[in-house]
Amino acid sequence: MDVSDILDALNAEQREAVAAPPGPLLVLAGAGSGKTRVLTHRVAWLVGVENISPHAILAVTFTNKAAQEMRGRIEQLLRYPAKGLWIGTFHGLSHRLLRAHWREVSLPQSFQILDSEDQYRLIKRVLKNLELDEAYWPPRRLQWFINAQKEEGRRPQQFGEIADRQLHQQVRVYKAYEEACQKSGLVDFAEILLRVIELLRKSEIMREHYQARFRHVLVDELQDTNAMQYEWLRLFAGAHNNLFGVGDDDQSIYGWRGARVENMLSFERDFAGARLVRMEQNYRSTETILSAANAVINHNEGRLGKNLWTEHKEGERISLYTAFNEFDEARFVIGRIREWVESGNRRDETAILYRSNAQSRVFEEVLLDANVPYRVYGGLRFFERAEIKDALAFLRIVASRHDDPSFERVVNVPTRGVGNRSLEAVRQLARADDVSLWGAAKKLVATRQLAARNTNAIASFLTLIDRLAEDTHGFELGELIEHVLQHSGLLDHYRKEKGEQAESRVENLEELVSAARYFNYEDADEMDPLSAFLAHAALEAGEGQANEWEDCVQLMSLHSAKGLEFPIVFLTGLEEGLFPHQRSLEETGRLEEERRLCYVGMTRAMQRLYLTHAEVRRLHGSEHYTSPSRFLGEVPPELIDEVRPQPQLRRPWRMAGSVPVGSPDAVGMKLGQRVRHQKFGEGVVMNYEGQGAHARVQVNFQATGSKWLVLAYANLQQI
Ligand code: ATP
Ligand code: MG
């Protein structure tokens with residue numbers, strides 16, 4: 001392959017990194033300066049110019065989406081498929097290793113992944129078994145405790161004698177939880193990494209094997225690795241030290257989850273002779289956007305310090321919109337997106353970013369009303385919806401009978417007469433005999449200890465699962481899932497339910513079948529297709545959704561936007577308490593992390609950046625008057641265009657353009673107007689839709705909460 005093919009489209013610093021001799025190398029560079037580009041070119045360079053086999057390369061990124069994109073770019077550069085190249089997330093790659101070495105890590109071959117909701121349920125059950133009161137021992141806190149221990153690589157045994165009573169109990173729960181996982185053949189997210197690390201630490205043969213195999217290790221977004229991930233990298237890069245890391249301290253946004261930006265700083269110490277490359281030219285954004293982002297991040301003190309510049313033109317000013325409430329905000333955003341699309345552009349060039357996943361709901365509502373296709377990344381979580389989890393539980397128990405959480409989830413779904421009492425008997429026996437729920441249920445049925453009716457109910461479940469497994473033997477993945485959905489009764493169960501939600505559930509289940517049909521498990525050489533698919537569901541929950549091919553508006557949290565870029569970006573909800581987040585105002589150091597998050601958001605934009613905030617926001621059920629985010633004040637005013645100084649939506653239905661001018665708006669009401677209703681009492685007008693006789697308003701009543709009322713009949717009195 002020709003050297004110039006790879007180096008031509010790079011600047012001098014980028015070339016230095018891409019074509020560097022073997023050895024540790026750290027690229028410390030700002031947003032949009034080409035770090036990810038350098039990483040992909042480096043892989044292409046190693047394979048295409050240095051003749052390193054793709055098999056000998058291990059590349060780690062933060063999301064599966066990023067990994068996919070990276071593989072695509074590498075193959076584009078090489079002009080052939082990079083088979084054998086290991087590229088993925090820490091979890092994805094670790095999982096693959098566990099599948100290959102399940103014996104060495106003492107897991108059953110059919111082990112399954114426990115996602116965070118299942119983990120929470122399991123912890124609740126453990127608490128019950130230990131007879132600990134949830135009121136004193138909140139399961140969420142214990143979940144956090146357990147995960148934090150694992151992230152530090154600490155096992156219950158390592159605590160030794162514990163004097164502190166509280167810690168003593170926490171560790172006791174941790175231990176019981178671990179045992180429950182092991183018994184059911186389950187690993188949670190942190191466990192996946194920890195097991196790999198322990199395997200490599202413990203087994204010299206394994207360590208030497210993988211260090212010899214992966215001669216080059218590359219990692220993107222190094223600033224967001226936690227202690228365990230860093231250790232993971234060190235173990236793989238151990239012997240040869242060929243670690244190629246890229247990162248930006250200004251974009252470290254996972255401190256709250258244990259990420260350590262110090263990993264960037266200790267790189268030079270831990271990897272002797274590390275070469276450092278800095279890149280300061282930004283290729284992504286207009287000068288205006290870049291200056292605004294630079295001005296904001298300059299308010300942070302703990303920085304390594306960089307000065308990003310661009311050759312791009314000034315571009316348009318940044319638009320600031322002050323909305324009345326979150327609906328008004330959403331309508332504004334979607335209005336601009338429509339204009340963009342109407343002038344011949346694509347929807348997926350636009351991104352709506354928010355601090356909190358809960359903010360997506362209103363955008364989704366307004367997008368649905370406006371009939372604009374969209375996709376939510378991280379948040380809606382296709383794989384976390386109840387009906388999908390039911391389906392997955394069936395599949396998991398078909399794959400692995402001892403999966404207790406799945407047993408619990410579907411033993412009585414659809415209802416087959418397994419009541420709480422029978423289930424409790426199963427649980428007790430499982431505890432007493434130290435076997436799985438499946439094992440206990442079998443024994444209960446065989447010994448007929450329960451009333452005939454209850455025995456039959458449990459037996460019918462056991463037979464169903466065994467039969468599903470038998471009948472689907474040798475089926476192709478899509479067929480298998482379809483068969484299980486049909487014959488488990490799940491599909492009928494949801495079909496019988498009435499209403500829109502049930503309909504969308506059926507659709508989702510059908511979508512699961514097509515997801516399985518399109519599922520590509522090329523990489524999964526060590527796994528059977530079902531296990532690979534279930535792992536994919538657990539690891540990718542929330543990342544991307546169906547209809548990948550459709551042109552959609554992109555919605556995602558700021559955290560999931562890392563590394564991506566879009567021609568138009570809407571950074572929404574810029575309000576104190578929301579962004580910066582309330583928690584960050586209470587904990588030291590967190591405010592700077594929020595500011596970095598803001599910087600990440602702003603630097604996603606290539607051509608146009610919109611900043612929005614709402615004066616009134618209803619979130620998590622209550623309504624607040626807000627004040628603008630301090631970050632807005634940190635953007636130099638000369639870079640900002642206020643779209644509308646202070647909104648006074650006197651006649652919203654006219655403003656929205658939905659009612660022809662001159663039609664009756666005798667009500668003359670505005671958003672935020674206080675009104676009185678004969679029956680519901682006093683409230684505030686929150687939202688509106690429709691026109692003329694169909695005009696409806698949403699009023700938030702003090703006593704009864706929010707209601708939609710037809711304006712013509714509601715007889716609202718302004719107060
Ligand atoms: P982030 O910090 O957001 O992850 P990054 O440093 O990884 O950003 P990239 O995503 O690699 O930056 O690059 C940003 C954009 O600039 C991409 O569209 C990329 O193709 C483009 N780019 C990078 N380097 C060059 C170059 N030398 N010439 C032209 N375009 C470039
Ligand atoms: Mg990047």
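Before going on, the ground rules. This is a predicted model, in which local features need pLDDT of at least 70, side-chain atom pairs count only at pLDDT 80 or more, and totals for chains, interfaces and linings use all residues. Residues are numbered from 1 along each chain as its sequence is written, chains are lettered from A and ligands numbered from 1 in the order in which they are written, and side-chain values use heavy atoms, with hydrogens and water left out.

Back to the ligand. Which residues come nearest to ligand 1? Of the 18 around it, they are K35, T36, Q251, E565 and R604. By class, the shell divides into four nonpolar, nine polar and five charged residues. Here Ala, Val, Leu, Ile, Met, Phe, Trp, Tyr, Cys and Pro count as nonpolar, Asp, Glu, Lys and Arg as charged, and the others, Gly among them, as polar. Helix α3 (residues 35-48) gives the largest share of the shell, three residues. Helices (H or I, at least four residues) and strands (E, at least two) are DSSP runs, numbered from the N terminus.

Now the polar contacts, meaning pairs of N or O atoms within 3.5 Å; within protein, one must be able to donate a hydrogen and the other to accept it, and residues adjacent in sequence count only if both atoms are side-chain atoms. R604 has a side-chain N or O atom 2.7 Å from an oxygen atom of ligand 1. For the side chain of R37, the distance from an N or O atom to a ligand oxygen is 2.8 Å. G32 uses its backbone instead, with an N or O atom 2.9 Å from an oxygen atom of ligand 1. On its own, ligand 1 has 640 Å² of accessible area, and the protein covers 84% of that. Areas are from the Shrake-Rupley method with a 1.4 Å probe, and for residues only the protein chains shown count as cover.

Next, aromatics. The structure holds 15 aromatic pairs. Rings of Phe, Tyr and Trp (its six-membered ring) pair if their centres lie within 6.5 Å; planes under 30 degrees apart count as stacked, over 60 as edge-to-face and the rest as tilted. One of the pairs is F332 with Y610, edge-to-face at 6.0 Å centre to centre and 70° between the planes. F332 sits in helix α14 (residues 326-342) and Y610 in strand β14 (residues 605-614), so to speak distant parts of the chain, 278 residues apart. Both F332 and Y610 are buried, where buried means under 20% relative accessible area, exposed over 50%, and partly exposed in between (1.4 Å probe, protein chains only).

F680 and F701 make another pair: their ring centres are 5.2 Å apart and their planes at 45°, so the pair is tilted. F680 is in the loop between β18 (674-677) and β19 (681-689), and F701 is in strand β20 (residues 696-701), 21 residues apart. F680 and F701 are both buried. Ring pairs also link W86, F90, Y210, F214, W232 and F236 into a cluster.

On to the loops, starting with buried residues. D224 lies in the loop between β6 (216-219) and α11 (227-237). Its relative accessibility is 2%, so D224 counts as buried. The side chain of T572 reaches the backbone oxygen of L353 at 2.8 Å.

P414 is in the loop between α17 (404-410) and α18 (420-433).

Last, the backbone at two residues with positive phi. R79 is not a glycine, yet has a phi of about 65°. It is placed in the loop between α4 (64-78) and β3 (86-89). Is R79 buried or exposed? At 65% relative accessibility, R79 counts as exposed. N371, likewise not a glycine, has phi near 60° and is in the loop between α15 (360-369) and β11 (374-377). N371 is exposed, with a relative accessible area of 69%.

Conventions:
Near = heavy atom within 4 Å.
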